[in-house]
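Subject: Structure handover

Hello,

Here is the structure I promised to pass on. Please open it and keep it beside this email while you read.

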Amino acid sequence: MCGIFGYVTSNEEALGPILIAAAERLTYRGYDSVGAATINRGKIDLRKDVGKVDAVAAKYNIAEMRGQRGITQLRWATFGEPSQVNSQPHLDSMGDMVGAHNGNVVNNVELREQFMAEGMTVRSQNDGETCVHAVERYISRGYQFIDAIRLAYGDLQGDYTFVIGRADDDKLYAFKKGSGMVVGLGAGFTCVSSDLPSILPLTRSVIRPHDGEIVTLWADHVEVRSVKDGKLIDRQPELVTETMDAVQKGGYPHFMLKEIHEQAQVARELLHLLDGSSDVQPLIEKMKSARHLYFIGCGTSYHAAMAGAVYFAQLAGRAVIPILAPQFIAQYAPAVGYEDVGIFVSQSGETKDVLNALEAAEVRGMTCFGLANVVGSTLTKATSFCLPLCCGYEISVPATKTFTNQVVTFLYLAYRMAGKNTSDLARIPELMEQTIEMVAPQIEKIAQDINEWNDMYCLGYGATYPIALEGALKLKEITYAHCEGMLSTEFKHGPLSAVSKGFPIVFIAGPNDVPLIISGINEVKVRGARTIVVAEDDPRLRANGDDLVVIPNSDPHTYALLAVLPLQLLSYHMSVMRGFDPDFPRNLSKTLTVD
Ligand code: M6R
């Protein structure tokens with residue numbers, strides 16, 4: 001997830017060390033490239049490249065950079081591969097302005113084409129550069145800077161925060177739309193950043209602008225204006241008291257909990273990106289004309305692939321084979337050919353099992369696409385086209401937000417395959433927020449009740465079958481208990497014998513599967529099990545289950561996606577109650593680059 005930092009002071013100063021230190025404090029967000037720009041006596045000095053902060057800083061001697069204004073940016077690639085030219089900050093056509101953003105401008109491709117047609121010099125594929133040209137467009141038409149920003153804001157679709165400075169004045173300007181931004185007020189300087197960690201060691205006096213606000217930063221004060229009418233807004237500074245550690249975790253005790261709570265926002269950003277992407281339709285056409293379709297992944301990504309296959313069948317009437325990557329090699333690779341299409345799903349884009357399967361598919365001439373979070377990873381480079389998951393950095397080993405965005409992507413693609421209106425999906429982020437709010441206290445209580453058990457089951461059916469598998473994986477991954485995910489109807493074929501008094505069994509019920517799930521509930525209940533049911537509110541489930549964890553009413557597809565949230569929270573609380581660190585479970589690694 002990209003991060004920006006801008007700094008304004010009244011005298012010429014050694015800004016390099018300030019920018020490097022700020023960049024270092026943004027690294028926890030994840031990045032692949034680093035850049036710094038200073039503005040000194042009307043001249044812009046810009047240095048940037050792919051690599052770690054210390055390596056890029058050493059290579060370009062960023063420490064020696066001086067000026068009255070500085071910008072640094074860490075880039076997490078979405079538009080354009082990680083490369084020097086795509087690194088940020090970016091210049092305008094004449095090199096008179098410099099700016100950087102974090103987030104995604106979803107109409108990047110269209111705007112770049114317009115800018116080139118208008119005669120601007122577009123150097124990269126990156127949407128940060130698009131933000132600079134969006135302002136340049138109106139400056140060159142004679143608008144004042146604030147008005148140029150206001151008009152640019154109207155052109156730039158997506159969720160982002162942007163900072164820009166021009167060579168011939170003494171200010172920086174920043175504006176925000178759907179992405180984080182914090183302004184710091186210090187003694188003799190002001191600064192702006194994507195989040196608090198880069199600001200806190202400098203000052204604890206901050207302003208948090210809202211979406212649709214433009215901030216002008218001078219060395220000794222800032223002004224906040226509304227993008228709508230350009231009028232001044234009164235935003236008073238607040239004093240931040242949290243520690244750095246708490247701030248990096250966004251105030252949450254663990255990254256996992258923070259990432260669970262980020263899911264609605266990253267889903268929102270992903271849906272915007274998919275709506276604005278010109279790559280989706282060609283992908284749909286390829287999938288439509290495929291002989292066989294395979295969704296291939298491991299672990300959590302495989303569960304998302306399974307959910308995707310259910311959506312494709314239910315919504316678009318299209319059969320898909322979801323398959324674990326190593327099993328794909330053994331079972332399907334010998335039989336695939338150029339008429340087949342595979343989507344390889346991976347958070348990291350580096351999972352060796354997935355890359356092996358990709359290699360086996362490519363040897364047979366299969367058309368291979370990717371779905372990955374880490375842009376620039378091996379998977380994104382090795383596939384002919386890879387959709388980004390747009391989750392930013394997922395630090396905690398248990399995958400949460402990347403799972404939900406994988407499922408959202410498949411749901412979106414299934415809608416497009418079916419020719420359905422994807423605007424119906426726009427309410428998913430809000431439903432996710434509501435789900436967390438509705439279930440959080442009850443789940444904590446259930447976690448307490450069942451925490452003594454080291455054996456559990458999660459059962460689902462149809463679209464909730466992969467969700468049951470995913471919930472069980474989360475539980476075993478971070479509680480170290482044995483938890484098995486299973487198709488609910490399979491339980492009577494063997495595992496039923498394990499049930500004893502109080503044995504916890506979680507059922508995830510879709511609105512159309514209630515009678516079937518009720519049979520399952522009663523089979524285990526009469527044998528003493530404690531049944532926890534995750535479902536939309538239903539009197540039949542209330543009457544039969546021990547605990548009903550109610551998720552909001554949605555539609556026959558979205559409920560499955562919402563149902564994973566209580567399971568993530570259950571595993572999180574049980575892990576913490578057992579005294580484990582859910583972010584870094586024993587024996588596990590976030591990226592598995594081994595066979
Ligand atoms: O990076 P990938 O999505 O390819 O990783 C695959 C699995 O290792 C991963 O999903 C793993 O199962 C998760 N840590 C589970 O939370």
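Some ground rules. This is a predicted model, where local features need pLDDT of at least 70 and side-chain atom pairs count only at pLDDT 80 or more, while totals for chains, interfaces and linings use all residues. Residues are numbered from 1 along each chain as its sequence is written, and side-chain values use heavy atoms, with hydrogens and water left out.

**The domains**

The protein chain splits into domain 1 (3-248), domain 2 (252-420) and domain 3 (430-582). These bounds come from an automatic or database domain assignment. The centres of domain 2 and domain 3, taken over C-alpha atoms, are 25 Å apart.

Together, domain 2 and domain 3 bury about 2,400 Å². Buried area is the accessible area (1.4 Å probe) that two parts lose on being put together, summed over both. Carbon and sulfur atoms carry 72% of it. On the domain 2 side, His254, Met256 and His303 lose the most area to domain 3. Together they make up 20% of what that side buries.

The interface has one salt bridge by the rule (a side-chain nitrogen of Lys or Arg within 4 Å of a carboxyl oxygen of Asp or Glu). Arginine 268 and glutamate 433 also meet in a salt bridge through their side chains, at 3.2 Å from N to O.

**The ligand**

The side chain of serine 301 has an N or O atom 2.6 Å from a ligand oxygen. For threonine 351, a polar side-chain atom lies 2.5 Å from an oxygen of the ligand. Glutamine 347 uses its backbone instead: an N or O atom there is 2.7 Å from a ligand oxygen.

**Two backbone details**

The peptide bond from glutamine 88 to proline 89 is cis, with omega near 0°. Proline 89 sits in the loop between strand S4 (66-75) and strand S5 (90-91). Cysteine 390 is not a glycine, yet has a positive phi of about 60°. Cysteine 390 is in the loop between strand S20 (385-388) and H14.

Best wishes

Technical notes: A polar contact is a pair of N or O atoms within 3.5 Å; within protein, one must be able to donate a hydrogen and the other to accept it, and residues adjacent in sequence count only if both atoms are side-chain atoms. Helices (H or I, at least four residues) and strands (E, at least two) are DSSP runs, numbered from the N terminus.
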